[in-house]
Amino acid sequence: MIRPTRQAVLLMAAGAPLALLLGIAVPQLWFVGLLWIPLVLTLIGLDALFAAPPPALEVRCPGAIEIGAPLTVEIAVAAAARAPVGLEIALATGPRLRPLADDRTRVMPGEEVVRIAFEPVRRGADGIERLWSRWTGPLRLVWRQRVVEIGRRILITPDIRPVRSAATMLLRDAQAGEMARIDRGEGSEFEALSEWRSGMERRTIDWNHSARHHQLLARENRIERNNQVVFAIDAGRVMCEPVEGLPRIDRAISAALLAAYSALKLGDRVGLFGFDSKPRISSGAVSGVRAFPLMQRLAGELDYSTAETNFTLALATLAGDLTRRSLVVVFTEFTDQAGAELMIRAAASLMGRHLVLFVILNDVELEGIAAAEPQTIDDVSRAVTAAAMLRERRIVVSRLRHLGIHVLEAAHDAVGPALVRQYLDFKRRNLL
């Protein structure tokens with residue numbers, strides 16, 4: 001594609017006043033002004049003819065990037081005998097990638113690699129769609145433009161940098177104190193016999209071996225590994241509402257990944273299940289820390305939804321997929337009694353065989369409206385409505401707990417560590 005540059009347009013427009021002045025000063029040479037347009041068009045044609053051929057460009061970028069981390073796309077310019085003059089490069093991306101500065105860059109003479117930085121703003125799948133390049137001829141009168149379809153897919157995954165640091169800290173503290181008791185002393189599988197000492201629980205005494213050896217011996221047990229933990233994430237309309245600037249589902253995914261990483265480190269099997277009006281993703285049970293990138297990739301594919309959540313279908317499907325007792329961690333939110341009633345009935349069907357934990361984020365905005373001092377009639381109305389919604393929320397939480405379902409309520413910035421501590425407490429109490 002060939003387009004005139006700004007210089008060509010200005011040069012063409014400059015012919016009109018020059019022809020007018022020539023016609024006024026030398027009327028008998030008025031026809032000379034008509035030669036200006038063919039002359040400029042000839043120069044433009046020569047400039048397009050002698051312009052450099054299209055450069056060979058290669059786009060290099062990662063296939064996955066964490067949300068919030070800068071994405072640097074490299075464009076390699078192949079060395080040629082005659083480099084294009086004024087080469088400019090631009091990239092066309094989807095709405096989830098925002099350029100940090102300008103998505104168009106100029107290639108300096110002799111430069112072989114140029115870089116364009118983007119910032120992922122939303123989790124999901126995006127990519128580099130097209131590569132635009134343009135360069136001028138030797139007279140800088142025309143642009144030669146080329147568009148190349150790239151179609152490079154980039155998966156924007158949740159940010160796991162705080163996940164790794166928080167998990168390492170939590171597990172290190174646990175191994176220094178709590179995990180020593182988890183591995184030995186409070187489990188259900190026999191580990192070894194040791195001499196009973198004052199302060200140990202009497203129920204750990206093995207009376208048969210004590211009688212045989214003529215001293216009190218205690219049984220040391222260990223927590224069995226290879227338990228199964230399933231993180232079920234609600235991706236419906238309510239979970240896509242923001243909490244402190246970030247959708248609830250993103251905060252739930254970060255907490256789930258933190259707990260999943262901890263469970264994989266401790267030798268348990270982990271599964272990820274996402275749903276809204278119907279099941280969307282299901283990873284199955286995986287084990288080992290090497291399986292964590294799979295969990296991260298599937299979590300990135302769980303897209304935002306405007307559909308209402310169908311708890312009956314989702315939890316029934318999940319229950320049918322589970323072949324052994326599992327800890328089912330459900331991340332969800334509820335705003336009305338009708339939807340909560342269906343959720344409670346669906347969750348009750350899991351209670352017969354599985355350990356169920358509901359994780360709910362504190363609604364800071366709703367609590368702030370209810371606690372704010374009213375100044376006008378509208379403030380009173382908003383405060384009363386917010387208080388009523390919080391009261392219904394507490395009723396639903398109480399009903400879940402009365403059914404024997406564990407409920408974890410935490411702030412958005414503390415839900416991940418709180419979930420890991422709750423998981424470690426379940427292991428310590430042999431509830432898995």
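Predicted model: local features only at pLDDT ≥ 70, side-chain atom pairs only at ≥ 80, totals over all residues.
Local features need pLDDT of at least 70, side-chain atom pairs count only at pLDDT 80 or more, and totals for chains, interfaces and linings use all residues. Residues are numbered from 1 along each chain as its sequence is written, and side-chain values use heavy atoms, with hydrogens and water left out.

**View 1. Helices H1 and H2 meet in a right-handed crossing.**
The axes of H1 (residues 6–25) and H2 (residues 36–49) come within 9 Å and cross at roughly 165 degrees. The two helices are therefore roughly antiparallel (angle over 145 degrees). From H1, Ala8, Leu11, Met12, Ala14, Gly15 and Leu18 are in contact (heavy atoms within 4.5 Å) with Trp36, Ile37, Val40, Leu41 and Ile44 of H2. These residues divide into 10 nonpolar, one polar and no charged.

**View 2. Helices H8 and H9 also meet in a right-handed crossing.**
H8 covers residues 311–321 and H9 residues 337–348; their axes come within 9 Å and cross at roughly 15 degrees. H8 and H9 are therefore roughly parallel (angle under 35 degrees). Phe311, Thr312 and Leu315 of H8 meet Gly339, Leu342, Met343, Ala346 and Ala347 of H9. Six of the contact residues are nonpolar, two are polar and none is charged.

**View 3. Ser326 lies in the loop between H8 and strand E18 (327–331).**
Ser326 has a relative accessible area of 3% and so counts as buried (under 20%). The side chain of Ser326 reaches the backbone oxygen of Arg324 at 3.0 Å. Leaving aside residues up to four places away in sequence, Ser326 touches Gln228, Val230, His354 and Leu355.

Terms used:
Axes fitted to C-alpha atoms, helices over the stretch in contact; angles between N-to-C directions. Helix = DSSP H or I, 4+ residues; strand = E, 2+ residues; numbered from the N terminus. Parallel < 35°, antiparallel > 145°, perpendicular 65-115°, else oblique. Left-handed = near helix turned anticlockwise from the far one by under 90°. Nonpolar A, V, L, I, M, F, W, Y, C, P; charged D, E, K, R; others polar. Buried < 20%, exposed > 50% of the residue type's maximum accessible area, 1.4 Å probe, protein only. Polar contact = N/O pair within 3.5 Å; in protein donor to acceptor, adjacent residues only side chain to side chain.
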